[in-house]
Structures are given as structure tokens and as C-alpha cells.
Amino acid sequence: DINHAMLAEGRDKLIDTGTPLPVAQCDAEALPFPDRSFDVVSIGFGLRNVTHKENALAEMRRILVPGGVALVLEFSKVAAPLAPVYDWYSFNVLPKLGRLVAGDEASYRYLAESIRMHPDQETLKAMMERAGFDAVEYHNLTAGVVALHIWALHVVGQNNPTGLDIKTANDSVPMAPHAVAKDMFGLGVFAIFALAMLTVAV
């Protein structure tokens, strides 16, 4: 992360759990690591805060070993039927919850705004492929509130160095029944909560 305060907070939590992993303060657009240095590169809920996303994606590709895995977890574009309710919740309820729970309404309003500015699923997929991640797959979670983009193109004849059970990007990767059930459960919880908020508003 480029933010020292956030790194320090994360490092302290790792130490508290007995897993003191190394941390590095650096810019995602100019990573200070040699080419082909890592088996797995991931970013979770951070790419939308990067100014030049194409540069960050190119850097992720550069430092991956052949046969490595790239994972991008980020807020994305919700399914169209839910968009009006999701927008209402994001701009009317979420900031107020931020003020009540964290005493910070502005940060949660920024969260809602930054999500709308972030590329949708297909756009991010295309951006990753332009950065060198050919044949990217993505999976929507909770009806597209969040999406996981995956690149795991293993070199022919080479063992997967990561040990992760991820199919190659050229393979079909259908969602398992339990994953579908989990997604539907999350969607149901969101829908119930949204209806409750609408009832209160009325």
C-alpha cells in the first residue's frame, strides 16, 4: 500500500494474530520488485483508488511468474433490476450509517461515489487483457455488487507453482452449486434489508 498509516494498522493486526508477514510501502503503479517475482498477485477493494489503473494492472502482470495467478476483487456494477434500490441505499443510507457507526459520513459518501466511477465488469476485463492478462474470467458476487476477476493462464507442460486449485483462464469455470446458493442468499439478505429501509423511509 502507498499509505503508511494503513500499512501500520494492517501490520499490527497481523502481529496480533501471530502472523507477522512482511509489508512494503510502495506505489501500485510502480512496484519496486523485479520481473517475474511472485506466484500470486492480488488486490482487494483497492484498484478503484488507483489513479492510473492501467499502470497498476501492467505492474501486476510484470511481476508475475509464468503460470502465476492474478486476482482482482472490487466493487462493480450491480444487476440492472437492483440498481435503483442499490443507488438509493448507497447515497441515502450508507453515509448515515458511516456517521452513526464510525463518525465519518464523508468517507462513506466517497465510497459510494468511487464505486460508480470504477469500471464495470466487462470494462475491467478488457483493461486487464490490454495489460497482458489474456482470457480473463470474472464472477459476480451478490448480483454484481462485487466482482472477482481471475487470470490463471498456466504455461503448457508447466506445473502450477501456486498450488491453488484454479482452472486456467481458457477453461470453462462454472460456478459451483454452493457458490450459487451463497450468492442468492446474499442477494436475498440485501433485498430484505433494502425493502426494510424503503418501508422506514415511506
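Contact here means heavy atoms within 4.5 Å, and helices (H or I, at least four residues) and strands (E, at least two) are DSSP runs numbered from the N terminus. The model is predicted, so local features need pLDDT of at least 70 and side-chain atom pairs count only at pLDDT 80 or more, while totals for chains, interfaces and linings use all residues. Residues are numbered from 1 along each chain as its sequence is written, and side-chain values use heavy atoms, with hydrogens and water left out.

Helix α4 spans residues 105–117. Its 13 residues reach 19 Å from the first C-alpha to the last, close to the 18 Å expected at 1.5 Å a residue, where the expected span is 1.5 Å times one less than the number of residues. At the start of α4, a side-chain oxygen of aspartate 104 comes to within 3.4 Å of the backbone nitrogen of alanine 106.

The buried residues of α4 (under 20% relative accessible area, with a 1.4 Å probe and protein chains only) are Leu111, Ala112, Ser114 and Ile115. They cover an arc of only 165 degrees around the axis, and therefore lie on the same side of α4; the arc is that of the directions from the helix axis to the C-beta atoms. These buried residues pack against β2 (64–75) and α3. On the other side of α4, Ala106 and Met117 are exposed, that is, over 50%.

Helix α3 (residues 83–102) contains serine 90, which is buried at a relative accessible area of 2%. Leaving aside neighbours within four places in sequence, serine 90 is in contact with Pro95, Ala112 and Arg116. The side chain of serine 90 also reaches the backbone oxygen of tyrosine 86 at 2.8 Å.

Definitions and conventions: Polar contact = N/O pair within 3.5 Å; in protein donor to acceptor, adjacent residues only side chain to side chain.
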